[in-house]
Structures are given as structure tokens and as C-alpha cells.
Amino acid sequence: MISTNRLKSVDFYRKIPRDLTEASLSGAGLSIIAALAMMFLFGMELNDYLKVSTSTSVVVDKSSDGEFLRIEFNLSFPALSCEFASLDVSDVLGTNRLNITKTIRKYSIDAFLNPTGSEFHPGPLPVIKHGDEIDEGNGEGSFSLSADNFDRFSHQYPVMVVNFYAPWCYWSNRLKPSWEKAATIIRERYDPELDGRIIMGKVDCTQDSELCRRNHIQGYPSIRIFRKGSDVRQDHGHHDHESYYGDRDTESLVATMESLVAPVPLESHKLALEDKSDNKTDNKRPAPLTGGCRIEGFVRVKKVPGNIVVSARSGAHSFDASQMNMSHAISHFSFGNKISPKVLHEVKRVTPYLGGSIDRLNGRSYISRHGDAHANVTIEHYLQVVKTEVITRRTSGGKNKLVEEYEYTAHSSLVHSIHIPVVKFHFELSPMQVLVTENPKSFSHFITNVCAIIGGIFTVAGILDSLLHNAIRAAKKIELGKNF
């Protein structure tokens, strides 16, 4: 058996009898200073333990989200009609998708970017058939309209069908013979003075540009159908008009005019607010109320350099480049899946500097004014995209991929071009990605540091107290020796 005395011999913390200890004022002051130092250093250590520590590295992009990238956008064009607005995607591998409609929506807007109606549905555009007639210059069957007589004719006739054209336009010249022949036939069948239910007219947009702009004409030829409605007092005698997208041969034009005349009573010239004909076709749709368009939605592109192009496009219309204005405002433009506010808040916790360039173009406007100095202006945006992946270790299972986000830089320029102006977003993805990893902190390491702080300060304070006590005792002995 090991005796009690032998066990006491290994005691590291031997006790000093209480009657041999002595409290001093210097020791009390030093103890207070030591306690304050312990609390301060403990607070510093706790703050460091709770602070998020990350490491950043640049690695080759090994994305787990496939070879396609989602691009979301919300773009407003105050001077581009939804009737012709087209969004195209192309890339360096040869991909070329024109007039994407499946994943985007269009809304007519006014010059102040305010919506003027519900979603614009362009519908399928069939291949338009043109007539084989040759313009022999044998007279004109349609009435020439201008700003001086346009309102008077629209008030007078229940149905007015107008061809807005440009003499230099190829499609306008192809339509002209069939249009004039059809107008002659309709004039003979429905005499404007005796019958008075329908009239076919034409407007030269090179001569009456303001009249064409007032009716939001951006492509030539544009055939518009004006009906006199019940809102005579409110809207100058005619209500919202329609655009005709049907075939342009004489037979089709005459058939369309017949269907427009059919529901209008002959004897009283009653208002033709609605087309009640039984032989309705899909070649008429409401014309844009205003000349602007908002395009929103998303596209999926390959992760290679490419372009998103917004332009005026039509297979049967021409456009005057000097009259096209591609001014636009960007409400949203981002790459990758949308990040929820909760996840974005967590990202900010790990890396506060992230997230500032996810939507770099948000709120920016690019305005090109009318005039010769601002004609034929193409607006280009150069976007360089970098992927950032954030990994956190908050879960009990170890690593947890928090989010994959794409940030980009943007540089924009206005370029004069001899072609039809467009808006181009040129994007290029970096082959590298930024990897941000949250570094774990050991609780045992925190406890060890706390113990080291307490023990170290306690030990140092004890040594200082002993030195100070001995110095005071020595000083007192010297003083006593001098007195004797």
C-alpha cells in the first residue's frame, strides 16, 4: 500500500499556511490590472474565434451545372416596337438562334417606359405570299393620304385600310401593284361616295414622317386597319387599330377587304367596332398602342464567347436605318440561376465583398437622341464573366456548397454603323473560377488559447508581485539602517 505521505510528495500545488501569507496594496493593484488584462485578451480571442475566416484560390472551372449558362434580363426600348423587336443569340461555335420567343415576354411601353397594356403576343408569322403583278403605272386605285386629310378620312369611313410605305423599300415595291389593283376592285365594288363603308389608302413615310411616327410605323410596308368605333369623342373617331400580316397578292387583299366590309351595314354606316365576320383569319392582330417595347425573360447559352442581339427584324418588311433608335434602359441583366435573398445574406456573411457585381448593368440607361448626329447608332456592351463558388462548413456533415454565382464587368460603347442599328451584348466567360472556402476553427484551440492567456498573465503578475514585494522590503531595511 502506498502511504498518504508518499502521495503528498507529488503535489504540484503545495499550500502555504494562511498565517504566513501577507496581503499588500501593491499586490491588490497588480491583481486588478491582471484581471482586466485577462478579460481584454479573452474578448479578443473570442472575437477572433467567432469571426469568419476564408481562403481564396483560383482554379480551372469544373462546373457541375453543365455546359449551358442561364442569362436573365429585363430590357426596355422606348423607340422599338414589339411588332418587330427580335432577340437573337449566337456564339463562336456556330450557334445562331433568331427571334427567340419561347422563354421571353414582350410588353408595349410608352416613351417614359410605362406599360400600356397586357403582354404582346406576336403570334406565328407565316411566309407571306406576294402577287406576280407588274407595276405598269396604269393609275392608282388607293387614295393618297397625308397629315392634312388622314383624320378626316378616318372619321368619314367606318373602315380605312392604309398602306404605310417607303418608295425605296423592296417589299413596298413588291406590294404596290397588288395593292393598287385590289384598291381599284374594292373602289368599283364599294364606291366611296355611294357605298362609303371602306376606303383603301396609302401614306408615303418619306414625305409624311411625322404621321408615320404618330402611328408607330417602324417597318415598311405596314398595313394598318382603322375602324370607326364607339369612342368617337375620345379617340378622334377611331379606336385601337390592327396590323395586317396576311398574304399580299391581289386575291388575298380583296378577300380581306370583303371580310372587313361584311359586318358594316350599308344603309346607315354604323360603327364597325368589331369584326363580326364568320371568315376570320389569323392575319390580323392588334397594332402596338405605343412605339416602345419591354423584353424580359431568359435564354440558355453555351459557355463560350457569344452575343445576345436585340434588333428590328422581319422577313417581309424593310427598315430605315436613319430612323431606328435603339435607346434602352436595363432593369436587370445577370448570369446563372437567381440567388434568393436568404442565400445572398449568407454569402455576405462569408465574404462581404461578393455579390456587388452580379447585376452590374442594373439601372443603367443608354439613350441616343434623334438627329443626323445620332442616326445609325449601334450600342454594344462587352461583358467579361467570372464564376465564384462559395463553400461553407457550417453543416455537421462537413463541407457544404453554399452557392455558385457569376459576376461580370461591363464596358459599353456607341458605334456608328451603315447597317440597321442593334443592341449587342457580347459576353465572354473566364476559363478560371474563384473558389472561396470557409476555414474551420477548432474549439479546443480556442480553449487552449484562453487557458494560456489566464495562466500566462497570472504567472507574470505573480513574478512581478514577488519582485515588487522584495524591492519594497529591501527599501524599508535600508531606511531602518540609516535611522540607527
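Guide: What follows sets values for a few elements against the definitions behind them. This is a predicted model, in which local features need pLDDT of at least 70 and side-chain atom pairs count only at pLDDT 80 or more, while totals for chains, interfaces and linings use all residues. Residues are numbered from 1 along each chain as its sequence is written, and side-chain values use heavy atoms, with hydrogens and water left out.

Visitor: Why is Arg197 called buried?

Guide: Buried means under 20% relative accessible area, with exposed over 50% and partly exposed in between, for a 1.4 Å probe and protein chains only. Arg197 has a relative accessible area of 12%, so it is buried. Arg197 lies in the loop between α4 (170–189) and β9 (198–204), where helices (H or I, at least four residues) and strands (E, at least two) are DSSP runs numbered from the N terminus.

Visitor: What makes the pair of Arg197 and Asp195 a polar contact?

Guide: A polar contact is a pair of N or O atoms within 3.5 Å; within protein, one must be able to donate a hydrogen and the other to accept it, and residues adjacent in sequence count only if both atoms are side-chain atoms. The side chains of Arg197 and Asp195 make such a contact at 2.9 Å, and the side chain of Arg197 also reaches the backbone oxygen of Val264 at 2.9 Å.

Visitor: Why is strand β15 described as largely enclosed by the rest of the structure?

Guide: Six of the eight residues of β15 (residues 328–335) are buried, and therefore the strand is largely enclosed.

Visitor: How do you know that β15 pairs with β2 and with β16?

Guide: Two strands pair if DSSP finds at least two bridges between them. Six bridges join β15 to β2 (residues 68–77), antiparallel, and three join β15 to β16 (residues 364–366), again in the antiparallel sense. Ala329 is the bridge partner of Ser76 and, towards β16, of Ser365, while His328 stands opposite Tyr366.

Visitor: What makes β6 and β16 edge strands?

Guide: The open, antiparallel sheet has six strands in the order β6-β5-β13-β2-β15-β16, and β6 (115–120) and β16 each pair on one side only, as edge strands do.
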